[in-house]
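I opened a notebook on this one to keep track of what I looked up. My entries follow the order in which I went through things.

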Amino acid sequence: MPVEERISFYSEGEEVVGTLFLPDDLGAGGTRAAVVLAPGYIGVKEMVYGQAKDLCQEGYVALAFDYRGGPGESRYRGKSNPSGVVTLFPDAAVWDVRSAVRYLLTRKEVNPERIGLLGSSAGGSYVVVAAAAEPKVACVISEGGIGDGYRWARTARTPWQFRNYIRKIEEDKARRVQTGTSQAIPNNEFMVFNPEEADAWANIPKYFPQMAQHQLRTPLEVCERWLEFKPEAVVAQISPRPILFLGEETSDLVPPEEVPLFYEKAKEPKRLVMAPASIVPSRYHKFRWSEEARYIPWLWNHMREWFARFIPAR
C-alpha cells in the first residue's frame, strides 16, 4: 500500500494543503518520477486519490492538493469564502499547480527530470498553463480541458442563455467597482450540465460532502476571469515536451469540439484520443475510481501508457 503523507506548501504566499503518496518499495536514497494531480473546478483532493494510489502502484510519487478558494480549502486572498461560495480564480489555480511542481522539486524522493502533470476538466486547463510556465514539467495529460474560456461559455449555452450570462457579468463589473463585492450565482449556471450530467453530479456529495454541487455558488468575478482564460494561447510553449489530450464524444459540460480545438493549437509531440459514446455515460462515476468498469479502465490505460513512455517511474 502507498505511504500517505499530509503535506503543505505555499502558493502566492498562501498555504495549500495536500497529500503526498509514496510507493511502499521506495528505498532510502531512491528517487522516482512524480505526478501532480489537478482536479476540476469544484473538485477536492480526495477525488483523485484513486488515481494517485494506482500511480503509486506503478512506482510513481503522486501529489494531490486542494485549490485555494475551492470547496476543499475555502480561503483565498487571506479571507474565508462566504458559506457555499467557491472563489476559485483560474490564474490562482494555475499558480497552485505551479507551486505543487516546485514543492516536488524540494523532495529528495523525486527525480527532478521526471515530473508530470495530470489534470481533469478545469484541471486539464490549469496544467497546460502551468506546464508552459514551468520548464521542469516533463510530461502533461489534459483530460477534458478547456482551451478558450469564452468559446466554452458560448458553445455550452443556447444564444439566449449566453446573452443573459454576459449581461449578468457586465452588471457585476459595475457593482464591484462601486461596492467591492461580486454577486454569486448558482454553480450550475457557471457549469452548464445536461440532465444526465446534472443527475450524476447530484450524487457526488454522497462521496465528497465538501462539493455539494447544487449548493455551491460562484462569484461573477470568477466567471469573468474564465471568459478571459485562454490556455490554448500558451499550449504551444510546452513543446518539445509531450502532451496527451483526452476528450469525450458526447459531453455537454465540455462540448466535444472543445478538446480537439485545444489539441490543434499544441505542437508535437502530442496526441488526441476521444472516448467513444458507449463509455462516456459512466464518466461521472469516475470518482469511484475502483468501482466504475467502463470509462475508468479506458482512461487509466491511456494515462499509464503515456506516463510510462515519457516519464518512467524508475
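Before the first entry, I need one term: I say that a charge sits over a ring if NZ of Lys or CZ of Arg is within 6 Å of the ring centre and within 35 degrees of the ring normal. I also keep in mind that this is a predicted model.

**Entry: charges over rings**

I looked up K270 and found that K270 lies over the face of Y263, at 4.2 Å from the ring centre. Then I went to R98, whose charged end sits over the ring of W95, 4.1 Å from the centre of that ring.

**Entry: ring pairs**

How many aromatic pairs does a search of the whole structure find? I got 18 aromatic pairs.

I picked out F9 and F65. Their ring centres are 5.9 Å apart and their planes stand at 75°; planes over 60 degrees apart count as edge-to-face, so that is what I call this pair. F9 belongs to strand β1 (residues 3-11) and F65 to strand β4 (residues 61-65), so I noted that the pair links distant parts of the chain, 56 residues apart.

Are F9 and F65 buried or exposed? F9 has a relative accessible area of 4%, which I put down as buried. F65 is buried too, and its relative accessible area is 0%.

Next I took Y126 and F229. The centres of their rings are 6.2 Å apart and the planes are at 45°, so I wrote this pair down as tilted. Y126 is in helix α3 (residues 122-133), while F229 is in the loop between α8 (220-228) and β11 (243-248); the pair links distant parts of the chain, 103 residues apart. I found both Y126 and F229 buried.

I then followed the ring pairs onward. They link F9, Y41, F65, Y67, Y103, Y126, W152, F190, W226 and F229 into a cluster.

**Entry: A174**

I found A174 in helix α5 (residues 159-179). A174 is partly exposed, with a relative accessible area of 39%. I also checked A174 against D148: they are 26 residues apart along the chain, and their C-alpha atoms are separated by 25 Å.

**Entry: second largest pocket**

About 200 Å³ of space lies in this pocket. I listed its lining as R157, W160, Q161, N164, Y165, K168, I185, N188, E189 and V192. Which elements give two or more residues to that lining? They are α5 and α6 (187-190). The largest share, 5 residues, comes from α5. Sorted by class, I have 4 nonpolar, 3 polar and 3 charged residues in the lining.

Note on methods: Residues numbered from 1 in each chain as written. Predicted model: local features only at pLDDT ≥ 70, side-chain atom pairs only at ≥ 80, totals over all residues. Heavy atoms only, no water. Phe/Tyr/Trp six-rings, centres within 6.5 Å; stacked < 30°, edge-to-face > 60°. Helix = DSSP H or I, 4+ residues; strand = E, 2+ residues; numbered from the N terminus. Buried < 20%, exposed > 50% of the residue type's maximum accessible area, 1.4 Å probe, protein only. 1 Å grid on protein atoms, 1.4 Å probe; cavity = no way out; pocket = protein on both sides within 12 Å on 5 of 7 lines; lining within 4 Å. Points joined across faces, edges and corners; volume = space filled by probe spheres on them. Nonpolar A, V, L, I, M, F, W, Y, C, P; charged D, E, K, R; others polar.
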